[in-house]
Amino acid sequence: MGLFRKPSFLLSNTVFFITVYGFLVTVISAADYTTLVFKGCADQKFQDPSGIYAQNLKNLSDSLVSQSSQKIYFTATSGDGQNAIMGLYQCRGDLSNDLCHACVTKVPGLIDKLCGKVVAARVQLSGCYLKYEVAGFKQVSETELLYKVCGSTKASGTEFEGRRDAAFETMVDGVRNGSKGLFYTGENQSVFVLGQCEGDLSSGDCGDCVNTAVQSVKSECGDSISGQLYLNKCYLSYSYYPNGVPSISSTSDVGTRQHTQRTVAIAVGGVAALGFGVVCLMFVRSIFKKRLDY
């Protein structure tokens with residue numbers, strides 16, 4: 001009997017396909033800002049026979065995760081004296097509170113998995129990072145290099161260096177004087193740039209930190225058309241599009257052009273999948289039509 005309810009069958013399968021397709025796109029977009037960039041784990045493990053460090057670390061992590069639904073940056077301390085553990089998280093300045101919370105929520109588990117019970121750790125995802133250290137842990141410079149990655153594609157022609165440097169100047173000025181405080185993202189002459197500082201820096205110190213990152217990435221990455229560089233208190237990324245930065249609408253709140261290429265790939269793949277689904281539905285419909293004709 002159900003065999004002859006062709007319209008209902010086709011509608012339900014169409015809805016199912018669209019639902020699954022939408023789910024896949026959502027998962028890919030969400031994974032974009034929770035992708036692991038790097039980890040930093042201290043060599044020394046907790047000496048914790050009483051379990052007090054473990055409990056303080058758990059309390060700290062719970063506090064940071066809880067605050068991430070309301071703020072993009074927060075610091076906290078758990079415990080007293082030599083047992084104290086200090087920590088903080090920071091999300092990208094263009095993430096919504098919900099996306100910030102989703103990102104930060106993933107980090108404590110990753111720290112435990114990637115580092116274990118160490119006296120200091122930092123895990124950087126593409127959309128946020130979280131770090132902690134025990135009282136008395138050795139401090140490092142604000143501009144110490146933590147991680148870098150340079151794109152394998154090299155610029156051809158003579159325009160790249162001038163355009164990149166102009167975009168970097170705009171970014172340094174943006175983190176110093178921009179409306180979003182210690183965060184800047186934008187495009188200048190087909191170069192997309194993003195820069196951000198840790199939330200406890202002044203605007204002047206932030207500009208100095210990002211400027212140091214600029215000089216470092218120019219030295220480290222040379223004529224690579226893309227790169228990311230993380231210092232202890234700030235980071236930057238850049239991408240050069242010789243044919244112009246693609247313009248595409250995104251339903252994700254992340255939605256910055258840093259991920260344009262990946263978003264384009266998702267969109268193209270989605271169109272192809274949708275086309276394949278339409279073909280499948282047409283095939284099913286033809287089978288039912290033949291059966292009805294009998």
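Q: Which strands does helix α3 lie across?
A: Helix α3 (residues 97–114) lies across β1, β3, β4 and β5, and runs at about 135 degrees to β4. The model is predicted, so local features need pLDDT of at least 70 and side-chain atom pairs pLDDT 80 or more, whereas totals for chains, interfaces and linings use all residues. Residues are numbered from 1 along each chain as its sequence is written, and side-chain values use heavy atoms, without hydrogens or water.

Q: And which strands does α2 lie across?
A: Helix α2 (residues 52–67) lies across β2, β3 (85–91) and β5 (128–134), at about 155 degrees to β2. Helices (H or I, at least four residues) and strands (E, at least two) are DSSP runs numbered from the N terminus. Angles run from 0 to 180 degrees between N-to-C directions, with axes fitted to C-alpha atoms, for helices over the stretch in contact.

Q: What is the strand order in the sheet?
A: The open sheet has five strands in the order β1-β4-β5-β3-β2, with antiparallel pairing (pairing requires at least two DSSP bridges). Because β1 (36–41) and β2 (73–78) are edge strands with a single partner each, one side of each has no neighbour in the sheet. From one strand to the next, the twist averages 10 degrees.

Q: How many bridges join β1 to β4?
A: Five bridges join β1 to the antiparallel strand β4 (residues 120–125). Among the residues involved, Phe38 has Gln124 in β4 as its bridge partner.

Q: Turning to α4 and α5, at what angle do they pack?
A: Helix α4 (residues 160–177) and helix α5 (residues 203–221) pack at about 160 degrees, their axes 8 Å apart. Therefore α4 is roughly antiparallel to α5 (over 145 degrees; under 35 is roughly parallel, 65 to 115 roughly perpendicular, the rest oblique).

Q: Which residues meet there?
A: Those in α4 include Phe168, Met171 and Val172, and those in α5 include Cys206, Val210 and Val214 (contact means heavy atoms within 4.5 Å).
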